[in-house]
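Here's a quick briefing to read with the structure open beside you.

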There are 2 protein chains.
Amino acid sequence: MTNNTTNGSITTGMTDKHDLISSDKVEGTSVYSPSGEKLGTVKYFMVDKISGDVAYVVMSFGGFLGMGNSYHPLPWKNLHYDKDRGGYIVALTREQLEAAPAYAEDTSPDWTNSQYGSQVDTYYGDLPKM
Amino acid sequence: MTNNTTNGSITTGMTDKHDLISSDKVEGTSVYSPSGEKLGTVKYFMVDKISGDVAYVVMSFGGFLGMGNSYHPLPWKNLHYDKDRGGYIVALTREQLEAAPAYAEDTSPDWTNSQYGSQVDTYYGDLPKM
């Protein structure tokens, strides 16, 4: 099956270990629009502790309406990681983000209630998939 | 006094949103042996930033050989989340953990090199899957 030759390079297929990031270091990763405009930065991921899948990327989005930063959960499927830019790309305009479900920094919705996630999924359900 | 059945319960399939945890709050989650012995606590997850899958759970494992804490990366597939205990179960003995790939606290292996992950995978490859 696999040929782990000491001399040749080991190919692990689609999931190269080069792409691993520590969960305590995801904060600060940039989020861009497809045209390259920086929309915000990652605050944290919401991870399913049973399946081990990232469900949402919570992005800090500043300066909106003169308020402090707001936190926008983005469904994982709407994001694409761009290796060249070293950040995530999301096909959203500022207007779409401003109308999206969000909460104030240093607060948290009740993620233990599935209704909050459903609300986020419903909003982004009609938006283009990356 | 929760009544989640106002209009019938919402079933989201295997991935219930109740199981979400913020990536900045995974630290401290307990890791147990199948018999219920506490082996250590989670320090962080190693997440594939392209696929959004957790690849390894890095567990802090104390008191081994009188040294400080050591960090043990455990492949995700070897762990099982136990809702009742609120922690992960791994079918490993202390002896198996002591012989496993590990690094000292406040250090990090070169995760950008796929060889380190391969070394971990190889060690656990022969151990029972949960």
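What follows covers how the two chains sit together, then one residue inside chain A. Keep in mind that this is a predicted model.

**How the two copies are related**
- Turn chain B by 180°, with a shift of 0.0 Å along the axis, and it lands on chain A with an RMSD of 0.0 Å.
- The two copies are therefore related as by a two-fold rotation axis.
- Both copies use the same surface, as 100% of the contact residues of chain B recur in chain A.
- If you want to find the axis, look for Asp53(B): its C-alpha is 2.4 Å away, the closest of any residue of chain B.

**Where the chains meet**
- On the chain B side 35 residues are in contact, and they touch 36 residues of chain A.
- Together the chains bury about 3,600 Å², with 60% of that on carbon and sulfur atoms.
- Strands E1, E3 and E4 and helix H2 of chain B each supply at least two residues to the side that touches chain A.
- E3(B) gives the most to that side, with five residues.
- The residues on that side of chain B split into 16 nonpolar, 10 polar and nine charged.

**A look at His72(A)**
- His72(A) counts as buried because its relative accessible area is 0%.
- Its side chain reaches the backbone oxygen of Leu97(A) at 3.0 Å.
- Beyond its neighbours within four places in sequence, His72(A) is in contact with residues including Val57(A), Phe61(A) and Pro101(A).

Key: Residues are numbered from 1 along each chain as its sequence is written. Chains are lettered from A and ligands numbered from 1 in the order in which they are written. This is a predicted model: local features need pLDDT of at least 70, side-chain atom pairs count only at pLDDT 80 or more; totals for chains, interfaces and linings use all residues. Side-chain values use heavy atoms; hydrogens and water are left out. Buried means under 20% relative accessible area, exposed over 50%, partly exposed in between (1.4 Å probe, protein chains only). A polar contact is a pair of N or O atoms within 3.5 Å; within protein, one must be able to donate a hydrogen and the other to accept it, and residues adjacent in sequence count only if both atoms are side-chain atoms. Contact means heavy atoms within 4.5 Å. Copies are superposed by least squares on the C-alpha atoms of residues with pLDDT of at least 70 in both. Buried area is the accessible area (1.4 Å probe) that two parts lose on being put together, summed over both. Helices (H or I, at least four residues) and strands (E, at least two) are DSSP runs, numbered from the N terminus. Ala, Val, Leu, Ile, Met, Phe, Trp, Tyr, Cys and Pro count as nonpolar, Asp, Glu, Lys and Arg as charged, and the others, Gly among them, as polar.
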